[in-house]
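Visitor: I have a structure to go through with you. Can we take it piece by piece?

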Amino acid sequence: AQSVSQHNHHVILSEAASLELGCNYSYGGTVNLFWYVQYPGQHLQLLLKYFSGDPLVKGIKGFEAEFIKSKFSFNLRKPSVQWSDTAEYFCAVNTNTGNQFYFGTGTSLTVIP
Amino acid sequence: ETGVTQTPRHLVMGMTNKKSLKCEQHLGHNAMYWYKQSAKKPLELMFVYNFKEQTENNSVPSRFSPECPNSSHLFLHLHTLQPEDSALYLCASSQDRAGRRNTEAFFGQGTRLTVV
């Protein structure tokens, strides 16, 4: 089975700091990649997605992610975080032959005002 | 409003009870999923349905029984659960099966289940 690794379990940043959350996956074939965010008490929402084309993907709220195929990575970045970015972030993968979305364990981000 | 509605939002049940979780999607999607979310673990896929047919059962114990009467509704029937089954149960849907081009998952808000 495919696996997704998120290396940072809990990140604490001050407002205006830059953010990078790591995500690595195990599948060697064609993949689709996603980052989801879960704000406190809310449902999982899609931040951004990659299916093909430009490996640098821009999402909502100033987030972006870069697909590096040789490193099996899809790291999430934001140049300047805000208090409202405090949430749980999940990386997800599916494969073009598969039937499900595989998720990482999530990274809890706390932004201090 | 996510387009995927789950009821109830919270459920406390005894180990001998029988209860059901309901999921309804208003997005016209053809695939629906049940996931289990426990603390410090990846979201754990339980079941997948495509066009009302179950296409994935991720070795889920038989005390969890899914039902998909049509493409818009998904149920999870629960009976004789254990305390370790306490978790957030998430329903999701996608336009097409996961893995097809441009297919993303849309999630409901989940049912917080506590087994006592």
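Visitor: Which strands of chain B form a hairpin with six residues between them, and which residue in the turn has a positive phi?
Guide: Strand 4 and strand 5 of chain B form that hairpin, and K40(B) in the turn has a positive phi of about 65°. Strands here are DSSP runs of E with at least two residues, numbered from the N terminus. Before going on: this is a predicted model, where local features need pLDDT of at least 70 and side-chain atom pairs count only at pLDDT 80 or more, while totals for chains, interfaces and linings use all residues. Residues are numbered from 1 along each chain as its sequence is written, chains are lettered from A and ligands numbered from 1 in the order in which they are written, and side-chain values use heavy atoms, with hydrogens and water left out.

Visitor: How many bridges join strand 4 to strand 5 of chain B?
Guide: Six, with strand 4 (residues 31-37) and strand 5 running antiparallel. Two strands count as paired if DSSP finds at least two bridges between them. W34(B) has F47(B) as its bridge partner in strand 5 of chain B.

Visitor: And what stands opposite F47(B) in strand 6 of chain B?
Guide: N57(B). Strand 5 and strand 6 (residues 53-57) of chain B are antiparallel and joined by four bridges. They also form a hairpin, with two residues between them, and F51(B) in that turn has a positive phi of about 50°.

Visitor: Why is strand 5 of chain B largely enclosed by the rest of the structure?
Guide: Because six of the seven residues of this strand (44-50) are buried. Buried means under 20% relative accessible area, exposed over 50%, and partly exposed in between, with a 1.4 Å probe and protein chains only.

Visitor: Different topic. How many residues of chain B are in contact with chain A?
Guide: 29 residues of chain B are in contact with 24 residues of chain A, contact meaning heavy atoms within 4.5 Å. The two chains bury about 2100 Å² between them, 52% of it on carbon and sulfur atoms. That area is the accessible area (1.4 Å probe) that the two parts lose on being put together, summed over both.

Visitor: How many salt bridges across that interface?
Guide: One is found between chain B and chain A. A salt bridge is a side-chain nitrogen of Lys or Arg within 4 Å of a carboxyl oxygen of Asp or Glu. K49(A) and E104(B) form it, with the closest N and O atoms 2.5 Å apart. K49(A) sits in strand 6 of chain A, and E104(B) in the loop between strand 9 (87-94) and strand 10 (106-107) of chain B.

Visitor: Are those two buried or partly exposed?
Guide: K49(A) is partly exposed at 33% relative accessible area, whereas E104(B) is buried at 13%.

Visitor: How many salt bridges over all chains?
Guide: Six. Among them is K78(A) with D85(A), at 2.9 Å between the closest N and O atoms. K78(A) is buried at 6% relative accessibility, and D85(A) is buried at 1%. Shared partners join K58(A), E64(A), E66(A) and R77(A) into one network.

Visitor: Last one: which residues have the most contacts inside the largest nonpolar core?
Guide: W35(A), L48(A), F74(A), L76(A) and Y89(A), in a core of 30 residues. Such a core is a set of buried Ala, Val, Leu, Ile, Met, Phe, Trp, Tyr and Cys residues joined through side-chain atoms within 4.5 Å. Apart from it lies another core of 22 residues, including V4(B), V60(B), C68(B) and L81(B).
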